[in-house]
Amino acid sequence: MYSFPPNFHFPAATTNYDNPNTHHHRVFNLHALSRRHWKPPSFEERDAFPESLPLHTKNPRAVYKDIQRFAAQNKLNEALTILDYLDQQGIPVNATTFSHLITACVRARSLDAGKKIHKYIWINGLESSEFLRQKLVNMYMSFRAVDDAHHLFDEMPAKNVYTWNALLRGTVVAGGKRYRDVLETYSEMRELGVEMNVYSFSNVIKSFAGASALSQGLKTHALLVKNGLIGSVIVRTSLVDMYFKCGKIKLARLVFEEVGERDVVLWGAMIAGFAHNRLRKEALQHLRMMVEEGIMPNSVILTSVLPVIGELSLQKLGQEAHAYVVKTKSYLRQAFVQSALIDMYCKCGDMEMGRRVFYSSVERNAICWTALMSGYAANGRLEQALRSVIWMQQEGFKPDVVTVATALPVCAELKDLKRGKEIHAYAVKNCFLPNVSIVSSLMVMYSKCGFLDYSIRLFDGMEQRNVITWTAMIDSLVENGCLDGALGVIRSMLLSKHRPDSVAMSRMLAICGGLKNLKLGKEIHAQVLKKNFDSVPFVSAELVKMYGRCAAIDHAKSFFDTIPVKGSMTRTAIIEAYGYAGMYQEAISLFDQMRSKDLTPNNFTFQVVLSICDRAGFVDDACRIFHLMSRRYKIRIIELPFFRETSQLPIFEVQIGKADGIHKVNLQKLPQFRKNKY
């Protein structure tokens, strides 16, 4: 219910009740009228249509312009009121006006208003208009009212390529698991001999890209060549996008290189494709090539590039991108560009600059708040991340699905069951469940808080599972030490229709290593090779560690030698593998070799090497490595995972002479360690 402001007044009846032609008016206060039980005046045009007075003095074209103006302003109630008045007066409405209204309904996300406008189209005898039918099919499909759209489509007496395209595009825009519907429509069009154009193929290829349907995409590519439509930039852009989403990088490059004149959309597809496949350097190279060709990035490309810059910690390049955003001015007002800038600075570790961008943004929204929250979490400010949920609500912004999915891992890291349950309750109240991302985060949160039963209950309650939920269940069981149970879930997943992705494969390898199950580890290795996951650094690292834990150091070394590009992650893995095999001196030698190749050890590398020194009793090596870590690489001991978990440094057992026996040496008491403030 709407309430009037206190100073609201409206015109009363004429002052001279005996002379109805008198035009003088008296103004009454609303409360006074209610006290006197005054009867409201009769309905007048100016009360209903204050912005389009007087209707009876205007010709229909002027009225149509009024309706179109309301549609452009998303004032659907006012537009519908005028439509009702015109219907009562018997004044017809043209198709162009209805087209504007349908577009406004889609923009305002109002299906009810759309259905009312559909009724008025029928009243005005325009239901046979192919143009309006296409618009209505698009509208119903955008609201995922598939049955209404198909019913309207089936009633069409004559269907041309444009009406078919409306159905195709609507199905693609509707999203969800509608790949089969698109494929059926596409097949029916071909059977009926519909002459498909570039827009038909573009919609079909987009659907194939979303479903990673490579075989269908290849067939469609061949059909495009056969029909002579391969020269279209629109089609080539769709093909590039599809091949990237199917993981076929070389094919995407080939299609791109065949294009003579490339527009900003095609460049954007290439850059986004490289970013999607974690080929960050290639993404930045193509950005540079695009600028060299005189094409400047648009806001969509910026939102693809800024996360890449953040992941590579290239803050200087990020500052150049920020300067470009400020220079363009229009991009500066776009919330998703602002959130990408916040995310970039936070990933570069510059929280101060990230906060500055956030608080300087004119139009903050839930997306910007979520980006800041994610930045706090990534930089270890977990309490501030959770407090951001409260702060954003105080500013009047409601946490959305992404915000909830960002906050739950923070609760898991803090093992904060109380706030985790509160967020769970909020998600239930706002009907966010069964969102896969939220359910997976809830499972991990409850398992880290020691409530594995809750995680199992959430998993069992899911009607539709995917790779993410299976992986979350595996992680939950591993977190609580149930490795055999995790192995059972892996077997169930392999028997299901869901095929493990690179993350799931790495989890499986870690479990095989933990159980020392070399046979199953080799089977998973075969699956890794089959799916070309061996090129993913964290998968190859887990493979090396798995062989090391299973005491198959020769296999670990052989596989390590086959890796073409060995980064810090894989080199840390081989050091760890040698440590598992008890080859401590060789592990320390590998660490020194890593440094000699100008590869920078990270926190995990130092954790592995210090742990090996702990097990082997290499106090001198431990002191030397600690000195390198703190002085040369500027890594504090507090940043190492084992210190964060135990708040202690390793205590080494060292044999000093034959007669003295075994002594325990606490690193915190050594002079080199006391000098470092941590």
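Is Ala-551 buried or exposed? Ala-551 counts as exposed, because its relative accessibility is 66%, and the limit for that class is over 50%. The residue lies in the loop between helix H31 (537–549) and helix H32 (553–562). Its backbone deserves a look as well: Ala-551 is not a glycine, yet its phi is positive, at about 60°. Most residues other than glycine have a negative phi, and most peptide bonds are trans. The model in which these values were computed is a predicted one.

Asn-74 is another residue other than glycine with a positive phi, here near 60°. It is found in the loop between helix H3 (60–72) and helix H4 (76–89). With a relative accessible area of 34%, Asn-74 is partly exposed. A further backbone feature is the peptide bond from Leu-433 to Pro-434, which is cis, with omega near 5°. Pro-434 has its place in the loop between helix H24 (417–429) and helix H25 (436–448).

The chain has 678 residues, of which 45% count as buried. Its accessible surface comes to about 36,200 Å², and carbon and sulfur atoms account for 52% of that area. Contacts can also be sorted by separation in sequence: of those between residues at least 6 apart, 58% join residues at least 24 apart.

Which residues touch Val-489, once its neighbours within four places in sequence are left aside? They are Trp-470, Met-473, Ile-474 and Leu-477. Thr-471 is 18 residues from Val-489 along the chain, and the C-alpha atoms of the two are separated by 9.1 Å.

Charged side chains come next. Side chains of opposite charge can pair when their charged atoms come close. How many salt bridges does a search of the whole structure find? The search finds 22. In one of them, the side chains of Arg-280 and Glu-311 meet, with an N to O distance of 2.6 Å. This pair links distant parts of the chain, since Arg-280 is in helix H16 (residues 280–292) and Glu-311 is in helix H17 (residues 299–311), 31 residues apart. Arg-280 counts as partly exposed at 22% relative accessibility, and Glu-311 is partly exposed at 41%.

Lys-347 and Asp-343 form another salt bridge, with 3.1 Å from N to O. Both residues lie in helix H19 (residues 335–347), four residues apart, or about one turn of the helix. Lys-347 is partly exposed, with a relative accessible area of 31%, whereas Asp-343 counts as buried at 17%. The two pairs can be taken together: Arg-280, Glu-311, Asp-343 and Lys-347 are linked in a network of salt bridges.

Arg-595 and Asp-592 form a salt bridge whose closest N and O atoms are 4.0 Å apart. The two residues are three apart in helix H34 (residues 584–596), about one turn of the helix. Asp-592 is partly exposed, with a relative accessible area of 28%.

A negative patch is formed by Asp-154, Glu-155, Glu-184, Glu-188 and Glu-191. Which helix supplies the largest share of the negative patch? Helix H10 (residues 179–191) does, with three residues. Asp-154 is found in helix H8 (residues 146–154), and at 56% relative accessibility it counts as exposed.

The other patch is nonpolar, covers about 240 Å², and is made by Leu-218, Leu-251 and Leu-254. Of these, Leu-251 has its place in helix H14 (residues 249–257). It counts as partly exposed, because its relative accessibility is 30%.

Key. Residues are numbered from 1 along each chain as its sequence is written. This is a predicted model: local features need pLDDT of at least 70, side-chain atom pairs count only at pLDDT 80 or more; totals for chains, interfaces and linings use all residues. Side-chain values use heavy atoms; hydrogens and water are left out. Buried means under 20% relative accessible area, exposed over 50%, partly exposed in between (1.4 Å probe, protein chains only). Patches are made of residues with over 30% relative accessible area and no salt bridge: like charges are joined within 9 Å, nonpolar side chains (Val, Leu, Ile, Met, Phe, Trp, Tyr) within 5 Å. Accessible areas come from the Shrake-Rupley method with a 1.4 Å probe; for residues, only the protein chains shown count as cover. Lys and Arg count as positive and Asp and Glu as negative; His and the chain ends are not counted. The place of a charge is taken as NZ of Lys, CZ of Arg, CG of Asp or CD of Glu. Contact means heavy atoms within 4.5 Å.
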